[in-house]
Amino acid sequence: MTRSFLLLAFLLQATLHISAQPPPPAPLASPPSPAAQLPAAAQEFLDAHNQARAEVGVAPLRWSPQLAAATSRLVRYQRDRMSCNFANLTASKYGGNQLWAGGAGTAMPPRAAVGAWLKEKIYYDHANNTCAEGRRCGVYTQVVWRNSSELGCAQASCPKEAASLTICFYNPPGNVVGERPY
């Protein structure tokens, strides 16, 4: 019995000794990982915008997850409830561009959507800050608007309409009357 008691006392003491030890040091924190990469479509929208902005000497835009989420909600609403028609952006606190593309019913590549907006550049006269008579330039000037710093875009395919809808938001908004885009 004495042996059993001594063995029990030894085991109890060893257990207490082990549990009384300070915990091992925490592993060193790994270095912060590089910023998460954007989804391919987001990067393509951003690159196409920033290439056009660089051509006129304007600072690049940053991708905004908040603007992207807002455009995603809006483009899905337009697809699901509005037959894929343009959204009414007049009350938006952001600048906005939209593109409706008919055809196969799938979203056009982001670079092609931005390219469609950039086609208006040929009608914009920077020297006079005007657009050619009978033409529109607002989607081009929004893309290159100097004071806009954030971008978020989304697309929806509209199979029923055999079309796609692309919407981009810009913050702060551009196309301020009387101001030049760059």
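In the predicted model, helix α4 buries Pro-110, Ala-113, Val-114 and Trp-117. These residues cover an arc of only 95° around the axis, which puts them on the same side of α4. Several elements pack against the buried residues of α4. They are α2, β2 (95-102), α5 (138-143), β5 and β6.

Two packed helices are described by the angle between their axes and the distance between the axes. Helix α2 spans residues 40-55, and helix α4 spans residues 110-118. Their axes lie 8 Å apart and meet at an angle of about 30°. Angles under 35 degrees count as roughly parallel, so α2 and α4 are roughly parallel to each other. The crossing of α2 past α4 is right-handed.

Contacts between the two helices involve named residues on each. From α2 come Ala-41, Glu-44, Phe-45, Asp-47, Ala-48, His-49, Gln-51 and Ala-52. From α4 come Pro-110, Arg-111, Ala-113, Val-114, Trp-117 and Leu-118. Among these α4 residues, Pro-110, Ala-113, Val-114 and Trp-117 are buried. On the α2 side, Phe-45, Ala-48, His-49 and Ala-52 are among the buried residues.

Helix α2 itself has 16 residues. Its first and last C-alpha atoms are 23 Å apart, close to the 22 Å expected at 1.5 Å a residue. Its buried residues are Ala-42, Phe-45, Leu-46, Ala-48, His-49, Asn-50, Ala-52 and Arg-53. They pack against β1, α4, α5, β5 and β6. Just after α2 comes Gly-57, with a positive phi of about 75°.

Helix α3 was examined in the same terms. This helix runs over residues 65-81 and holds 17 residues. At 1.5 Å a residue, α3 should span 24 Å. The end C-alpha atoms are 24 Å apart, which agrees. Leu-67, Ala-68, Ala-70, Thr-71, Val-75 and Gln-78 are buried in α3. They cover an arc of only 160° around the axis, so they sit on the same side of α3. The other side of α3 carries exposed residues: Pro-65, Gln-66, Arg-73, Asp-80 and Arg-81. The cover over the buried residues of α3 includes β1 (62-63), β5 and β6. After α3 comes Ser-83, and its phi is positive, near 55°.

Ala-162 is in the loop between β5 (150-158) and β6. Its phi is near 50°, a positive value in a residue other than glycine. Ala-162 has 32% relative accessibility, so it counts as partly exposed. Beyond the strand, the segment after β6 (163-171) contains Pro-172. The peptide bond from Asn-171 to Pro-172 is cis, with omega near -10°. Asn-175 is also in the segment after β6. Its phi is positive, near 55°, and the residue is not glycine. Asn-175 is partly exposed, with a relative accessible area of 36%.

Conventions: Residues numbered from 1 in each chain as written. Predicted model: local features only at pLDDT ≥ 70, side-chain atom pairs only at ≥ 80, totals over all residues. Heavy atoms only, no water. Helix = DSSP H or I, 4+ residues; strand = E, 2+ residues; numbered from the N terminus. Buried < 20%, exposed > 50% of the residue type's maximum accessible area, 1.4 Å probe, protein only. Expected span 1.5 Å × (residues − 1). Arc of directions from axis to C-beta. Contact = heavy atoms within 4.5 Å. Axes fitted to C-alpha atoms, helices over the stretch in contact; angles between N-to-C directions. Parallel < 35°, antiparallel > 145°, perpendicular 65-115°, else oblique. Left-handed = near helix turned anticlockwise from the far one by under 90°.
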